[in-house]
Each structure stands twice: as structure tokens, then as C-alpha cells.
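Please open the model in a viewer and keep the selection panel at hand. The stops below go from the interface to single residues.

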Amino acid sequence: MTDSPTDILAAVTQIVAEEAGVDTALVTPDSRFTEDLDIDSLGLLTIATQVEERFGITLDDALIPTLTTVGALVDLVGRNKR
Amino acid sequence: MVTGLGTINPLAGDAPRTWQALRAGQSAARGLTADWARDLPVRIAAPLAVEPADYLSAREHRRLDRASQCALLAAREAWTHAGAPTVKPERLAVSISPGIGPVGSVMSTWDDLRERGPRRVPPTAIPALMPNAPAAAVGLALGAQAGVHAPVSACASGAEAIAYGADLITLGRADIVVAGGTDASLHPMVVAAFAAMRALSTRNDDPATASRPFAPDRDGFVLGEGAGVLVLEAAEHAAARGARPLAVLAGAAVTADAYDAVRPDPDGRQQERALRLALERGGLCPGQVGHVNAHATSTGVGDAVEARVLARTVPGAAVSATKSATGHLLGGAGGLEAVLTVLALHERWLPPTLLPAGIDPAITELGLDVVGPQGRDVPGLEAAVSTSFGFGGHNAALAFTHLPNHRDR
């Protein structure tokens with residue numbers, strides 16, 4: 001099964017919103033994990049783990065802490081899907 | 001000084017309602033109806049009276065083990081009760097201990113690993129399951145930078161954490177310490193393990209009267225869950241901010257039997273020494289102690305040893321065994337019972353011991369004055385002690401006094 005960039009954004013948005021405890025409408029590609037969504041390092045790891053499960057991929061552990069925005073995570077997922 | 005207190009426990013979700021339930025003579029023990037309890041030899045327990053989820057954010061509830069949830073809720077109540085004091089973060093410490101620890105998270109993480117594989121173990125598992133997780137959660141919530149501690153000593157843990165908190169203030173290492181105990185281990189593994197020790201009551205058909213400390217036919221404790229937390233504050237700090245203290249933690253002591261892995265030393269020598277040391281450090285003589293909130297779990301051996309120790313060490317004190325109403329909260333017990341001891345002093349009313357079968361004649365013979373099911377007014381109460389005696393001979397005693405009328409302590 002292939003996921004379009006829109007599918008990836010929708011799924012990541014859903015996972016991020018759940019971890020942040022906010023409505024999905026408040027999560028955009030520009031949303032910053034720390035400043036805008038109050039997501040800490042453990043929250044980011046939790047999101048990454050769920051994203052990995054959802055898409056059947058393995059993200060580079062070294063890259064996860066460097067992700068600052070939702071869009072950056074979507075891009076990373078997209079690159080891993082190829 | 002004790003300037004705040006809080007609890008969540010099987011009787012109620014806060015301190016005032018807990019006190020009301022004690023005054024009403026309620027018992028929190030009930031039958032376990034969950035599927036997991038069906039095949040256990042013990043199918044009674046004292047679960048929390050309220051669900052922590054109703055009082056926590058979704059993230060707190062998701063991230064924190066139930067033991068940590070209890071600690072956080074009790075600490076929040078205590079902090080608010082103390083007037084949410086302004087204190088330098090570097091002068092604020094936490095000392096909150098479990099006896100068993102966040103066992104629900106340990107077991108669920110193991111389930112994740114076995115059922116879904118190593119990649120599905122959540123990244124939040126370790127911060128949830130470590131023994132100091134409850135203290136860490138409270139430290140993070142309050143911004144405590146003077147240190148976050150969790151001295152663990154079986155069922156004496158909560159009391160030992162409070163004793164340690166008092167030391168931090170006495171040593172000048174903190175102005176305020178949020179101190180207490182917590183546990184929430186109503187998990188089939190824990191029930192089965194305590195049942196294997198023959199430590200739990202098997203009165204499955206009569207849960208409300210199963211916890212019967214000092215009774216002739218006591219047959220073990222009823223496992224409960226919850227937390228009790230005190231705000232301890234240096235007298236000068238409390239005075240400077242105009243706080244109205246509830247009581248004074250005059251003296252505290254910890255000893256160990258070094259006798260057996262489980263059973264207490266039958267002579268109770270180290271239990272007695274903990275009690276005497278706490279009084280000595282508080283500048284109190286035994287005759288001043290009007291009330292003891294006993295550890296009294298309703299095990300055969302434990303109650304007998306403690307009764308002898310209390311009868312010979314503080315013969316004039318009236319003794320309440322509040323576990324008859326609350327069940328045994330393990331690490332939470334020392335915290336909750338410290339809260340109840342402070343309230344007894346403050347209200348000058350001694351909480352009841354539910355005695356459905358009366359008192360063991362061997363205990364009556366000692367002359368122990370057990371407070372009955374009605375509770376008791378004690379207008380002149382000046383000093384009260386809470387004892388906590390854990391498996392393996394871990395002993396802790398906390399001596400509280402009414403606010404000094406004519407001199408500062």
C-alpha cells in the first residue's frame with residue numbers, strides 16, 4: 001500500500017494531536033512540537049514510535065530529537081517510505 | 001511545621017471527605033468483581049474511592065502509573081491546602097515513596113514486550129515504572145529543585161519518606177518538603193503474591209469487616225491503594241509568609257530489626273526504639289502521647305508484636321487502627337496515617353477502629369486502650385504518634401504535637 005503525502009500528513013496530524021491533547025485542526029505542518037504543542041522529548045519519541053507502527057517503517061533514532069515541526073516529521077516519513 | 005495535607009484513598013478523594021467517612025464509621029473494603037480476580041484465593045480489596053482520571057489531564061493520566069497519579073493528586077491537595085506557598089525552587093524538595101512501586105506499569109510493559117515485541121514497548125515505560133516515578137512526577141509538577149527523594153522500606157516507606165523530609169528541613173537543605181507515601185498495586189500478581197505469603201484476609205464473603213486489626217480472629221490485611229502527603233515547612237519560613245500550621249512534626253525516627261526477611265522481631269525491640277527515638281527527638285516523654293495511629297494491619301503476628309510494644313512504651317495512649325476502615329495502602333499507608341494523625345491532633349478527635357469481633361483477649365490483657373467504632377473526643381490531646389512497621393522489620397515512627405501555645409518548637 002502506498003501513502004500519498006496527504007495521507008501521511010493526515011495520519012501524523014492525528015497521532016500528534018492525540019499526544020498533545022488538542023484538536024487536529026490545531027496541528028499544521030508549521031506547528032512546533034515544543035513551543036506550539038507542549039510536546040517534550042518523551043512525547044516526541046512516543047509520536048515517532050506510533051508513526052513507525054502506522055507506516056511499517058523504522059526512523060533513524062539520531063534524527064528524531066532534531067525534528068522541530070510536524071512538517072519535518074512528515075518529510076522524514078515520506079523519505080522513509082520511498 | 002505541617003502546613004498542608006492531602007490524600008486520595010479508598011474512603012475518599014481528599015482529606016475532608018476522608019475524615020467525614022471515618023466519622024461515619026465507613027469501611028472501604030469490597031469484593032473484587034473484575035475478571036482477573038475470579039481465580040484468585042483473595043477476591044477482596046479496598047480500591048480508590050474516586051478515579052484519578054477524573055482529576056488529571058489526559059497526558060498526566062496516560063503517562064503516569066496509577067501510584068504516581070495518586071501521589072500527584074494528594075500532593076496537589078496538600079500544596080493548595082498549604083496556600084500554594086511561594087518558595088525558591090532550590091529550597092523546595094520532594095520525598096515521596098512507594099512500598100511496592102509502579103507495578104502496574106512494570107506488568108503492562110512486560111505484556112507489551114511479550115504480546116507485541118520490543119519495538120512496541122512505549123518510550124514512556126521507564127519513567128513510568130521506576131520506583132521514584134511518583135516522587136519525580138510531583139517534583140516536576142511543583143518545580144522542586146532541592147532534591148527529589150524516594151526512600152523505600154516496604155510498608156514503612158511513606159512514614160520513612162516523611163521522616164527523611166523532616167531531616168532535610170532540620171539539616172537546612174530545604175525550606176519546604178512535600179513528603180508522603182503512595183501505592184496502587186491492585187494487580188493480580190501482587191494479590192497472588194501477598195496471598196502466597198498468607199498475608200491477606202480471605203474473608204471473601206464479608207469484605208467490609210475483613211480488615212479487623214487487634215481482633216481475635218484477624219486473618220490478614222485487605223490490600224488498598226492510594227496516597228497521603230504532607231507539606232513540611234521550616235518554622236521560620238512558615239512564620240515569614242504568615243502560614244497557619246496544622247501541627248508540628250516534633251520528632252521522627254527509623255530503625256530496622258535485622259531479624260527476618262518478613263517477620264518482625266517478636267520482642268519488638270527495634271519497633272520500641274523507633275518510638276522512643278521519635279519522642280526523644282521531639283522532646284516528648286511517653287506520658288504526653290495521647291494517641292497512636294497504629295500500623296496494625298490485622299495480621300496475626302504483626303498486630304501482636306505492635307500491641308505489646310505500644311502497651312509498654314506509651315501505656316497512656318489511646319490507639320486507633322484506621323486500616324480497619326481504609327485497608328492497607330502499603331507505601332501509601334504511612335502517608336495517609338500521618339495525614340490522619342495530624343487531623344486527629346488538629347480536631348482533637350480520634351478516628352475509630354472497626355471492631356466487628358471485639359478485641360483479642362491477649363491484647364486486652366496488655367491494657368491497650370483501643371479506640372472503638374465510634375471514635376473519641378480528646379479535648380486535651382497534645383501529642384500523637386503514627387507508627388509504620390514494614391515486612392522485614394522496617395520501622396518508622398512520627399511524633400506530632402499540637403501547635404505550641406506558649407513557645408515555638
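Start by selecting both sides of the interface: 15 residues of chain A are in contact (heavy atoms within 4.5 Å) with nine residues of chain B. This is a predicted model, in which local features need pLDDT of at least 70 and side-chain atom pairs count only at pLDDT 80 or more, while totals for chains, interfaces and linings use all residues; side-chain values use heavy atoms, with hydrogens and water left out. Residues are numbered from 1 along each chain as its sequence is written, and chains are lettered from A and ligands numbered from 1 in the order in which they are written.

**The interface**

About 1000 Å² is buried between chain A and chain B, and carbon and sulfur atoms give 36% of that area. Buried area here is the accessible area (1.4 Å probe) that two parts lose on being put together, summed over both. Select Glu19(A), Leu42(A) and Glu53(A) next: in chain A these lose the most area to chain B, together 44% of what that side buries.

Now show the polar atoms. Eight residue pairs, both at pLDDT 80 or more, are in polar contact across the interface of chain A and chain B. A polar contact is a pair of N or O atoms within 3.5 Å; within protein, one must be able to donate a hydrogen and the other to accept it, and residues adjacent in sequence count only if both atoms are side-chain atoms.

**Salt bridges between the chains**

Seven salt bridges are counted between chain A and chain B, each a side-chain nitrogen of Lys or Arg within 4 Å of a carboxyl oxygen of Asp or Glu. Zoom in on Glu19(A) and Arg62(B), whose closest N and O atoms are 3.3 Å apart in one such bridge.

Go on to Arg120(B), which forms a salt bridge with Glu53(A) at 3.4 Å between the closest N and O atoms. Arg120(B) sits in the loop between H4 and helix H5 (125-129) of chain B, and Glu53(A) in helix H2 of chain A. Arg120(B) is buried at 17% relative accessibility, whereas Glu53(A) is partly exposed at 39%. Buried means under 20% relative accessible area, exposed over 50%, and partly exposed in between (1.4 Å probe, protein chains only).

**Inside chain B**

Select Glu225(B) and Arg66(B), which meet in a salt bridge of 2.9 Å, N to O. Glu225(B) is in the loop between H8 and strand E7 (226-233) and Arg66(B) in helix H3 (residues 66-81), so the pair ties together parts that are 159 residues apart in sequence.

Move to helix H8 (residues 188-196) of chain B, where Val190(B), Val191(B), Phe194(B) and Ala195(B) are buried. They lie on the same side of H8(B) because they cover an arc of only 130 degrees around the axis, taken from the directions from the helix axis to the C-beta atoms. The buried residues of H8(B) pack against helix H4 (103-116) of chain B.

Finish at Ser97(B), in strand E4 (residues 92-98) of chain B. Ser97(B) is buried, at 0% relative accessibility. A polar atom of the Ser97(B) side chain lies 2.6 Å from the backbone oxygen of Pro151(B).

Terms used: Helix = DSSP H or I, 4+ residues; strand = E, 2+ residues; numbered from the N terminus.
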